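Please examine the sequence and the three-dimensional model displayed below. A report in running text accompanies them.

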Amino acid sequence: MRFGCGLDAAFLDFAAERIAHGVGVDDQVRDGAAGRWQRVRADIRAALPLEAEQFDHVLMLAVLEHLPEPEPVLREAYRILAPGGSLILTWPSAMVDPILNVLHGLRL
């Protein structure tokens, strides 16, 4: 399961050989299947249309820093994780912020 998978769900493409069942959730993707995984267009800040306890891993790669209130998203991640599952989080270093600000100013 990938929260905030982005428009092209590139991580799912990258890890395709290692994923038995994967779902990418983002408000920018089109709903539908792609290979062995599914894309779900949804706001990760709201309840997701997914069953509880169905994923061994939930990934949030460079997502947490974009959430003004991360707690509801983390609660939803916990809800869909199978017992003993793992939540994998990354976020950029604060040293990247000036670069991101410039790119944002350029609308990139």
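The report below treats the overall fold, the core, the salt bridges and the backbone in turn.

The coordinates are those of a predicted model, in which local features need pLDDT of at least 70 and side-chain atom pairs count only at pLDDT 80 or more, whereas totals for chains, interfaces and linings use all residues. Residues are numbered from 1 along each chain as its sequence is written, and side-chain values use heavy atoms, with hydrogens and water left out.

**Overall fold**

The protein contains three helices and six strands. Helices (H or I, at least four residues) and strands (E, at least two) are DSSP runs, numbered from the N terminus. In sequence order, these elements give the pattern β-α-β-β-β-β-α-β-α.

Of the 108 residues in the protein, 34% are buried. Here, buried means under 20% relative accessible area, exposed means over 50%, and partly exposed lies in between (1.4 Å probe, protein chains only). The accessible surface of the protein amounts to about 7,300 Å², and carbon and sulfur atoms hold 57% of it; such areas come from the Shrake-Rupley method with a 1.4 Å probe, and for residues only the protein chains shown count as cover.

Among the contacts in the protein with a separation of 6 or more, 54% involve residues 24 or more positions apart. A contact means heavy atoms within 4.5 Å.

Strands E5 and E6 (residues 81-90) run parallel and are joined by six bridges; two strands pair if DSSP finds at least two bridges between them. Between E5 and E6 the chain passes through H2, and this β-α-β crossover is right-handed. A crossover is given that hand if, with the strands pointing away from the viewer, the path from the first strand over the helix to the second runs clockwise. Two positions illustrate the pairing: Phe55 has Leu81 in E6 as its bridge partner, and Leu61 stands opposite Thr90 in E6.

**Nonpolar core**

The largest nonpolar core comprises 16 residues, and Val23, Val25, Ile44, Leu50 and Leu67 have the most contacts inside it. Strand E2 (22-26), strand E5 (55-61) and H2 each contribute at least two residues to this core. A nonpolar core is a set of buried Ala, Val, Leu, Ile, Met, Phe, Trp, Tyr and Cys residues joined through side-chain atoms within 4.5 Å.

**Salt bridges**

How many salt bridges does the structure hold? There are three, where a salt bridge is a side-chain nitrogen of Lys or Arg within 4 Å of a carboxyl oxygen of Asp or Glu.

| Arg45 | Asp43 | 2.9 Å |

In the bridge between Asp43 and Arg45, Asp43 is partly exposed at 30% relative accessible area, and Arg45 is exposed at 52%.

Arg75 and Glu71 lie four residues apart in helix H2 (residues 71-80), a separation of about one helical turn. Arg75 is exposed, with a relative accessible area of 57%, while Glu71 is partly exposed, with 46%.

Arg79 and Glu76 are also in helix H2, three residues apart, which is about one turn of the helix. Which member of this pair is buried, at 9% relative accessibility? Glu76 is the buried residue, whereas Arg79, at 27%, counts as partly exposed.

**Positive backbone phi values**

Glu53 is not a glycine, yet its phi is positive, at about 55 degrees. Glu53 is located in the loop between strand E4 (37-41) and E5, and it counts as exposed at 52% relative accessibility.

Ala62, likewise a residue other than glycine, has a positive phi near 55 degrees. The loop between E5 and H2 contains Ala62, which is partly exposed, with a relative accessible area of 36%.

Where does Arg107, with its positive phi, lie relative to H3? Arg107 follows H3, and its phi is near 60 degrees.
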